[in-house]
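Hello,

Here is the structure we talked about handing over. Please open it first, then read the notes below.

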Amino acid sequence: MALKMLNELLIEDPSPPLLLYQVSKTAQLDTLNYQSCFMQGVFAHFPEVLFIHRTYNPRGKVLYTFLVDGPQVQLEGHLARAVYFAIPAKEDAEGLAQMFQVFKKFNPAWERVCTILVDPHFLPLPTLAMEFPAAEVLLSAFHVCKFLQGKFYQLSLEQPMERALLTSLQNTMCSATAGNLRKLYTLLSTYIPPAQLPELHLHWLLNDRIWLAHRWRSRAESSRYFQGLEVTTRVLSQSFGTTPSVEKGVTALLRYMQQNSGDKASFSLGLSSLNHHAPSDVSPESPKVEQLVEAHIQHSLNAICTGPAAQLCLGELAVVQKSMHLIGSSSEKVNIQILEDTHRVQPQPPASCSCYFNQAFHLPCRHILAMLSARHQVLQPDMLPAQWPAGCATSLDDILGSKWSETLEKHLAVALLTEEVGQLLQHCSQEEFERRYSTLRELADSWIGPYEQVQL
């Protein structure tokens with residue numbers, strides 16, 4: 001009876017997965033090893049870097065999730081990089097050795113594992129080193145980040161200080177250079193009480209081996225990487241970590257994976273690349289599809305816009321191709337983030353954006369083009385204002401000269417400065433806030449006069 005739900009779920013799986021389990025005397029699930037054909041194919045294709053995440057449930061059982069990692073892995077979708085699930089009988093040397101041996105038995109590519117990324121609380125390192133003798137075991141950047149986040153909350157710091165530390169941590173993780181890590185180390189050493197510093201293990205920030213496994217990512221790639229793992233670990237916690245029943249937790253997790261079409265498409269893509277067969281239904285994340293969409297956007301720009309206007313827009317598209325992140329959308333507006341800049345896009349014709357390029361020239365900017373690329377759409381004539389269809393302007397000087405506005409430039413410059421000052425004031429200490437506010441108050445009074453109250 002304990003495995004009734006699991007067996008029903010596996011019958012629905014079109015490809016027979018690997019499923020090994022043991023049931024205790026009380027008819028409860030004691031051990032489990034699960035890997036679908038999709039997962040096995042993904043690991044065979046990207047075995048070099050293995051990321052291990054552990055999820056505990058209220059009964060004390062732990063779910064080990066193996067994920068592929070590294071520069072070659074470009075799979076999108078929640079849990080798309082998961083390649084193995086296992087629940088050992090106990091988290092001791094014997095139980096974990098048995099779990100790793102089963103994994104190795106059904107995955108010959110394990111011999112190509114070069115690096116294994118684990119969390120700071122992963123104690124059975126000798127067992128891991130024994131089973132994967134050629135692999136280097138390192139702390140993962142994601143788990144170090146989560147560890148420090150948890151410590152910041154436990155320290156019960158003042159809210160401005162806590163927010164400042166969390167913001168600094170987030171920025172450092174997205175650009176983990178040696179200089180940025182040293183700055184974070186100095187910041188924490190300065191503001192955290194000395195008695196509590198040992199709990200933070202700040203020496204991890206100066207261990208270059210940890211960050212070499214992560215530093216190859218750009219700022220945008222790091223942001224997507226951390227966000228993806230955040231969602232993945234949340235799904236694991238909600239599926240397995242919230243219910244005392246191991247069977248229900250595993251069933252919920254596997255059902256989520258089967259019902260999530262994005263993950264299945266990503267798995268199919270991994271297998272088709274491995275087997276050198278053209279996929280019958282190319283997933284939206286396929287690089288070929290992205291290149292085709294971008295080519296269509298370029299064609300629509302050249303066909304609809306004047307030559308100079310298309311030249312400006314193609315420059316924006318080049319930025320999109322290097323770095324793009326679609327944050328989210330509502331029924332009326334879409335939020336686009338490219339690197340550190342976030343702007344609001346109004347997709348209804350004529351399309352508009354809050355960035356300077358669109359406000360000044362009324363042409364499709366990188367954010368509008370990013371929205372089109374993400375939706376697999378192309379530029380339409382009604383998305384352009386009436387003055388910019390082909391044949392209306394003759395040169396780049398016509399566009400630059402006719403649409404430049406000193407008033408608009410001043411307005412955008414002031415708005416940008418105001419937002420930057422506001423961010424600085426929000427993340428400084430109370431003492432620093434009072435000092436900076438007093439300086440702004442004096443400046444406003446000197447410009448406008450003390451008799452007219454200026455709201456800051």
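**Rings, charges and a helix pair**

Lysine 104 lies over the face of phenylalanine 132, 5.9 Å from the ring centre. Here, a charge sits over a ring if NZ of Lys or CZ of Arg is within 6 Å of the ring centre and within 35 degrees of the ring normal. Arginine 217 lies over the face of tyrosine 225, at 3.5 Å from the ring centre.

This is a predicted model: local features need pLDDT of at least 70, side-chain atom pairs count only at pLDDT 80 or more, and totals for chains, interfaces and linings use all residues. Residues are numbered from 1 along each chain as its sequence is written, and side-chain values use heavy atoms, without hydrogens and water.

Now the aromatic pairs. Rings of Phe, Tyr and Trp (its six-membered ring) pair if their centres lie within 6.5 Å; planes under 30 degrees apart are stacked, over 60 edge-to-face, the rest tilted. By this rule there are 13 aromatic pairs. Tyrosine 225 and phenylalanine 226 have ring centres 5.7 Å apart and planes at 80°, so the pair is edge-to-face. Both tyrosine 225 and phenylalanine 226 are buried (under 20% relative accessible area, 1.4 Å probe, protein chains only). Phe43, Phe66, Tyr84, Phe100, Phe103, Trp110 and Phe132 form one aromatic cluster.

Phe226 also takes part in a helix contact. Ala141, Phe142, Cys145 and Lys146 in α5 meet Phe226, Leu229, Glu230 and Thr233 in α10 (heavy atoms within 4.5 Å).

Best wishes

How values were computed
Helix = DSSP H or I, 4+ residues; strand = E, 2+ residues; numbered from the N terminus. Buried < 20%, exposed > 50% of the residue type's maximum accessible area, 1.4 Å probe, protein only.
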